[in-house]
Amino acid sequence: MQKQEEITSRLKQIFDLFLRENFLMTDNVYFEKLISHLQAKENESLLQAPFVIEWVDKCLTLITSDFHKVHPKVISFMLNIIGFMASNEWMILRLRELEIVHRMMSFMQANEQQFSPSIKLSCIRVMKVINNYSIGLAFQRTNRTWSVLIQYSSNEHTLYVVREARQLLYEMLYKFCDKMQDEAVTLEILSEIMKPIQDNVYITDNISVNASGEEERIHVNVDDNELLHRVTSAVDLLSYILQQTLVSEERTKIVSLLRDHHNIELNIWKLVEMTHNTYFTEKMLSALCSYHFALLLHEKILNPDRTEPPEQFTEFGLSFFNLIKFCIQRSDGINFVKMAVLHHILWKKLGSRAPKEIIIQDERVVFENQLICFHLLPLLFSMKFAKKMADESKSDLFDTYIMKLLVMSCEQTLRLCYSVRDAFITPEGNTNGSLFTAELARKCVHSILSLEHIMDREQAITVCQALLYALREVVALSDASKPVDPEDCHGASTSNNYYDIYPSGADAIVNDPRVLHSVIVGLRTLIERFKITWKESVETIGLVNCLAYVLENCNMDATCTVQALKLVQLSVEHFLSPNMALLVDNLQGSALVCLGPIIVKRMHDTTWEVRDSALELAASIASISRIKFPAFQRFLIDVKIPPIVYEMAKHDSDPYVRASAYKCLSEMVSINSIWEDGLSQLDLVDHLLFVLYREHEDIVRAEAILTLGKIYDHRKIPSKYKNTLFSTLNFCVIGDHHWEVKVNALCFWRMEFHRQLKNQGMIDGVFPSVTFSKEHKKIVTLTDREIKLRIAKVLAEVQQYGYYGMMLKCLREEYAPEVLRILVAGIKMMNEKLNKYDFEIILSHIESLTPSAENTETCPVFNKPGQQMSVDLDEDGTSINESQSNDVIESILNAQDMQLLEKTFESQMQINHADTQKRHIDEFYYKQFAVSVREWKEEVGKIDLDRLVVQQEEWYDCKDNLVCLLDDILNAIQRDANNEISDCLQLKRPGPGLDDS
């Protein structure tokens with residue numbers, strides 16, 4: 001109750017300050033935060049307080065007289081408050097008594113041109129709330145509020161305002177038309193929407209005959225900028241309304257009213273004839289397309305009185321083909337592609353309401369297949385060597401694909417395809433450069449990719465095959481006159497030299513690299529999303545071969561190279577040719593052997609993205625070489641990729657490349673042949689410990705610790721590094737500032753726990769009844785006492801290296817929620833395991849196994865609140881003893897200049913002594929975290945672990961409570977007011993010498 005009173009008093013004070021003259025707040029985020037809190041369900045009672053509606057009434061009174069008296073952010077905030085109050089049915093009556101909404105609408109209609117977008121957006125949200133009540137609809141009809149929404153729906157406003165206004169306008173139109181059956185209001189709204197279109201088309205009814213017998217027609221300016229500006233917004237709004245009707249599950253009369261009262265199709269076709277502007281034509285054709293789909297759905301599919309079969313789509317199909325034919329006649333390739341995309345999107349909106357196969361002029365077709373053919377036409381026409389592919393002896397695949405396209409196309413589609421050919425290609429066989437460009441082919445691919453989330457698998461495979469043949473253009477012969485007989489790049493290769501396979505050389509590449517980039521990205525996207533393999537598309541067998549040829553080109557730009565490397569990686573991971581199953585020992589006889597030199601060359605590329613992609617490819621090859629294709633192991637060793645990767649990890653200038661190199665090494669460490677032939681001779685462990693201590697880049701340290709964990713898990717780390725290893729791990733958890741490094745270090749410790757327990761005989765989380773003892777070289781029975789003793793050995797082992805002290809320090813000082821979550825999860829897991837056994841007996845075993853405190857150098861890691869660590873360490877972990885401190889003080893007192901101070905501390909601060917910098921952390925760094933298991937258990941028992949995680953998550957996400965937020969707002973307002981007063985005093989202060997003049 002007291003907290004509620006505090007909130008009310010502060011909120012009332014803030015509301016009064018909002019209406020203060022010359023109010024100013026520089027931080028607008030506070031408004032958004034306050035709105036979010038007041039919108040929450042737990043604060044719903046605050047808005048029902050009497051002072052809130054009184055403040056709203058006072059604010060409306062002020063802005064009605066002069067809206068400059070109130071800050072625009074405060075006006076927007078006030079409108080949001082009205083919207084929140086209107087969502088409560090009990091507050092509607094109070095708002096109606098004070099005429100709050102009526103005054104708001106009068107204010108908005110009178111000053112609509114002077115408002116900021118935030119005020120307009122808030123007003124729309126208020127109207128959206130009252131639109132949910134019948135009394136609200138009556139108010140909207142009386143005040144004709146749709147005029148404001150139509151005005152806000154124009155393209156002159158911001159995206160958010162336009163989107164919210166259009167959405168609300170459609171909801172209002174639907175409710176008046178179909179829920180309330182108010183045709184008069186519906187026609188009034190539609191007339192106002194259609195007014196810019198009706199006023200700007202020529203009317204054939206006005207044609208008259210003059211005295212000389214000649215017809216008089218209205219003259220209309222073609223491509224008039226003012227005309228286009230007036231009509232475009234109306235057409236966009238009309239398209240939106242028609243497309244929204246496709247989402248509705250119920251039949252609506254909006255489409256029939258547009259058809260019967262506004263003759264929408266004819267009027268829009270008139271507008272199309274008035275322009276040659278590509279952008280404006282796209283708007284008109286989009287509106288026609290939306291109208292055709294809306295008419296199909298509500299006057300045919302959902303019409304209970306239809307007489308023709310449900311799959312009879314002749315009228316709709318002819319309308320579609322007319323739109324495509326218009327684009328071809330106009331030689332408008334861009335809109336040709338865009339119309340195919342729009343039809344595909346709207347067809348998918350019909351969902352299950354539309355049949356899989358439809359009938360167009362007595363021909364049964366799949367409509368999506370016709371769309372795919374139009375999608376692919378610009379790309380297929382870019383294949384300059386298609387004829388040569390058809391003439392080759394190994395052209396069965398290509399012929400099969402062409403027959404597939406012919407079978408899936410209907411007669412009208414084929415006619416339009418020939419029309420596209422006649423428009424794009426001259427009779428001499430050359431492409432019409434002004435119509436068909438590389439940019440059009442690129443847009444074609446991107447339009448297909450924009451449909452990946454709605455495209456069916458069957459159509460995706462068809463597109464993927466087309467892209468594969470387009471990629472073949474890269475390796476096609478550039479000199480058609482040279483008689484050659486190259487191998488089929490889609491079959492299994494038998495040569496190891498690409499110059500033997502493709503005699504034209506590596507420079508035969510498409511002129512525009514953006515098309516190649518689009519084709520490669522398209523292939524990668526479709527293969528990855530639809531999991532396409534060589535079983536669905538045999539053409540994928542030669543994909544790696546083609547890409548290897550592409551990567552041989554030294555002049556290819558970096559973006560294409562990166563995408564090609566990523567596609568090679570995807571191809572290697574998902575589908576290699578079937579003959580790979582027979583290559584058990586080596587890759588001889590396969591073109592894959594050429595990938596080695598290509599990868600090595602790309603690892604030395606000047607662009608870091610290319611080097612990074614090459615490393616990712618090498619890591620992928622190493623991953624699958626472990627089990628799936630062991631032949632790749634010798635492949636990596638022969639081209640000496642492991643030592644190259646190691647050198648890149650050590651010396652590459654880019655941190656992302658170094659991180660990828662460590663990731664690649666992680667995959668190679670577990671492979672015996674690669675470890676024995678290359679990595680075991682390298683100082684890998686020493687360098688990784690150095691990186692974890694001295695590397696500045698977070699992402700590199702995060703990957704380095706994972707690589708070290710892989711080595712520790714699969715290989716033996718020399719015993720001389722044991723102390724340094726665990727000291728480095730503790731340093732990573734406590735001293736590193738990046739949460740991912742901390743998490744990886746804790747995961748390393750968890751792996752060490754599992755390893756120790758496994759060494760003691762634990763299998764799958766439990767101890768068996770009998771196990772083999774490495775210590776006694778025989779099978780022993782694990783009694784309850786023996787199990788407790790073995791657990792005690794494990795806990796004593798990790799206690800020796802400061803694990804428990806490190807955990808306590810991390811619990812007290814860590815702020816990253818990711819680290820705390822994994823730390824708390826580890827503690828809970830350990831407690832769960834220990835609670836199965838008598839913990840006191842285990843503790844006694846641990847104390848018997850651990851040396852006494854007098855014989856060990858310990859340092860408490862946790863202290864009372866406010867108490868500092870008892871050991872102060874310099875950068876290398878060495879302490880400054882008392883005698884050294886006295887010498888330093890005496891030298892300072894006796895010195896005559898400051899240079900002596902610099903020389904005194906030069907060795908300890910490592911100034912000008914870069915060569916004396918230690919590579920590793922002090923190997924006994926872990927000793928400062930020496931805490932017994934008993935002390936750890938007692939300290940952890942005092943901490944509410946779940947509450948600790950929740951508190952840190954709330955702090956990290958900046959989830960302030962309302963009281964703190966209100967205090968911050970009050971302080972911010974006061975601070976801004978003081979700054980304003982200070983600025984005024986500075987302006988009034990006279991300058992030097994002004995008083996004497």
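The model is predicted, so local features need pLDDT of at least 70 and side-chain atom pairs count only at pLDDT 80 or more, while totals for chains, interfaces and linings use all residues. Residues are numbered from 1 along each chain as its sequence is written, and side-chain values use heavy atoms, with hydrogens and water left out.

**Helices α4 and α5**

- Helix α4 covers residues 72-86 and helix α5 covers residues 89-97; they pack at about 125°, with axes 7 Å apart.
- Those axes are lines fitted to C-alpha atoms over the stretch in contact, and the angles run from 0 to 180 degrees between N-to-C directions.
- Helices here are DSSP runs (H or I, at least four residues), as are strands (E, at least two), numbered from the N terminus.
- Ile82, Met85 and Ala86 of α4 meet Met91, Ile92 and Leu95 of α5, where contact means heavy atoms within 4.5 Å.
- The contact of α4 with α5 has 6 nonpolar residues, no polar and no charged.
- For that count, Ala, Val, Leu, Ile, Met, Phe, Trp, Tyr, Cys and Pro are nonpolar, Asp, Glu, Lys and Arg are charged, and the others, Gly among them, are polar.

**Helices α12 and α15**

- Helix α12 (residues 225-247) packs against helix α15 (residues 278-301) at about 25°, with their axes 9 Å apart.
- That angle makes α12 roughly parallel to α15.
- The contact includes Leu228, Val231 and Val235 of α12, and Tyr279, Phe280 and Met284 of α15.
- In the contact of α12 with α15, the residues split into 13 nonpolar, 7 polar and 2 charged.

**Lysine 356**

- You'll find lysine 356 in the loop between α17 (333-350) and β3 (358-360).
- Lysine 356 and glutamate 311 are 45 residues apart in sequence, yet 8.8 Å apart in space, C-alpha to C-alpha.
- Setting aside neighbours within four places in sequence, lysine 356 contacts Val365, Val366, Glu368 and Asp456.

**Glutamine 459**

- Glutamine 459 belongs to helix α23 (residues 457-472).
- The side chains of glutamine 459 and asparagine 369 make a polar contact of 2.8 Å.
- Not counting residues up to four places away in sequence, glutamine 459 touches Glu368, Asn369 and Ile372.

Technical notes. Angles under 35 degrees count as roughly parallel, over 145 as roughly antiparallel, 65 to 115 as roughly perpendicular and the rest as oblique. A polar contact is a pair of N or O atoms within 3.5 Å; within protein, one must be able to donate a hydrogen and the other to accept it, and residues adjacent in sequence count only if both atoms are side-chain atoms.
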